[in-house]
Structure formats: structure tokens, C-alpha cells
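Reader: I am new to this structure. Please walk me through it, one question at a time.

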Amino acid sequence: MPARRLPSWVWVTGLTAAALVGVTALAAQADQGAHPVAQAKRPKSSAPASPHPSASPRKSAPAAVPAGSGTGRRIVYSLAQRRVWLVGATGAASRTFTVWPGTVSPAPGRYAVSSTDPSTTGTDGTKVENIVYFTVRSGVFIAFSNAQDGSSPQPSPGARTGAIRMHSADGDAVWKFGTKGTPVSVVG
């Protein structure tokens with residue numbers, strides 16, 4: 001009996017899933033931690049260290065606030081850079097850091113913090129805190145938050161989550177900065 005060939009969509013789906021896992025793992029290794037604009041002592045994370053630590057840490061200047069992200073006091077979130085900026089009234093960033101997005105992303109545009117929640121359990125079952133909600137997309141709430149245990153778990157395959165996770169210290173900063181009504185600018 002001849003061997004059956006799998007449909008091409010099965011191969012494409014499998015290769016796409018494998019590529020996403022690989023890119024996510026590499027991105028997590030490349031961006032280990034926050035990059036505050038202001039000089040601040042970097043907090044120690046309770047998350048496990050990378051199994052492949054870098055021999056020499058990467059030194060880079062803080063990323064500039066994206067052009068076209070608005071003016072005045074606001075939170076800026078770049079989908080492409082997986083980065084958040086807390087921008088003061090003068091237009092200067094007081095803090096910037098990398099994040100781990102969920103599986104449902106907000107569309108580029110202007111939003112405002114709609115509500116906050118000190119702690120809850122995320123749709124992925126992780127206990128989270130410092131939840132700052134700013135939109136809903138496809139029935140999924142989009143919010144900044146951090147895991148209470150400091151981890152950065154990857155969303156389960158097939159899960160629909162709008163969590164934009166960050167390190168605990170960054171979650172504290174967004175919580176203090178992002179009061180109800182604070183503008184949020186999402187850029188591509």
C-alpha cells in the first residue's frame with residue numbers, strides 16, 4: 001500500500017508554529033530585562049536565568065520614543081519592537097523596557113487606560129498583578145501586567161490572551177503611571 005502524503009496546509013502550519021516558537025525563544029534570550037531611561041538599580045528577577053548566558057552583556061543606548069506616537073504624557077507600545085515607553089508631559093521618556101506580548105495584539109492607534117486591577121488570574125492561569133487595561137480586540141481584553149512570580153510564561157498554543165507581560169519592576173512603574181484616562185499610543 002503506498003504511503004499517504006500529508007496535505008500541504010499541515011506542513012505549513014507545523015513549520016509556522018515551529019518558527020514562531022524559535023523566534024520567541026531567541027527574542028526572550030536577546031532581551032533579558034528592562035532598559036530604564038533614567039539611571040535606576042536593576043531589580044533581580046525571580047525567573048530562572050537563561051540556559052545560555054551571554055559572555056559579554058550587550059550595551060546599547062535606550063530606544064528613542066517612536067515618531068508619530070503622539071505628544072504629551074502617554075504610554076507608548078511598539079508592536080514591532082515589543083517595547084513600552086512611559087513618556088512625561090515634556091515628551092521625554094522616563095522609562096522604556098521590553099515586553100512579552102500575548103497572542104492577540106491591539107491594532108495601532110490611540111487608546112486610553114480604561115480600568116486597572118491590582119491582581120487577578122490571567123486567562124493562561126498565571127497569577128498577575130498591576131493590570132492596566134486599555135482596549136478590547138476580537139472579544140479579548142488587552143492590558144499591561146506582570147506575573148506575580150516574576151516569570152514570563154509563553155502563551156499556551158491556541159490560547160487567546162491580550163496580556164502584555166513585563167518584569168515586576170516595570171509592572172510597578174506602569175501601574176503608578178497608567179491611571180484611568182492616561183493616553184496609550186500603539187505603533188506598528
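**Rings, sheet and loop**

Author: R73 sits over the face of F177, 3.8 Å from the ring centre. A charge sits over a ring if NZ of Lys or CZ of Arg is within 6 Å of the ring centre and within 35 degrees of the ring normal. This is a predicted model, where local features need pLDDT of at least 70, side-chain atom pairs count only at pLDDT 80 or more, and totals for chains, interfaces and linings use all residues. Residues are numbered from 1 along each chain as its sequence is written, and side-chain values use heavy atoms, with hydrogens and water left out.

Reader: How many helices and strands does the protein have?

Author: Helices (H or I, at least four residues) and strands (E, at least two) are DSSP runs, numbered from the N terminus. The elements run α-β-β-β-β-β-β-β-β-β-α-β from that end. The totals are 2 helices and 10 strands.

Reader: What is the bridge partner of Y77 in β2?

Author: Strands β1 (residues 74-78) and β2 (residues 83-87) run antiparallel, joined by 5 bridges. In β2, the partner of Y77 is V84.

Reader: Why is the ring pair of Y77 and F144 edge-to-face?

Author: The structure holds 4 aromatic pairs. Rings of Phe, Tyr and Trp (its six-membered ring) pair if their centres lie within 6.5 Å; planes under 30 degrees apart count as stacked, over 60 as edge-to-face and the rest as tilted. The centres of Y77 and F144 are 6.1 Å apart, and the pair is edge-to-face because the planes stand at 85 degrees.

Reader: Are Y77 and F144 buried or exposed?

Author: Buried means under 20% relative accessible area, exposed over 50%, partly exposed in between (1.4 Å probe, protein chains only). Ring pairs link Y77, Y111, F134 and F144 into a cluster. Y77 and F144 are both buried.

Reader: Where does T179 lie?

Author: T179 is partly exposed, with a relative accessible area of 43%. Its C-alpha atom is separated by 8.1 Å from that of V132, 47 residues apart along the chain. T179 lies in the loop between α2 (168-177) and β10 (183-187).

Methods. Pairing = 2+ DSSP bridges.
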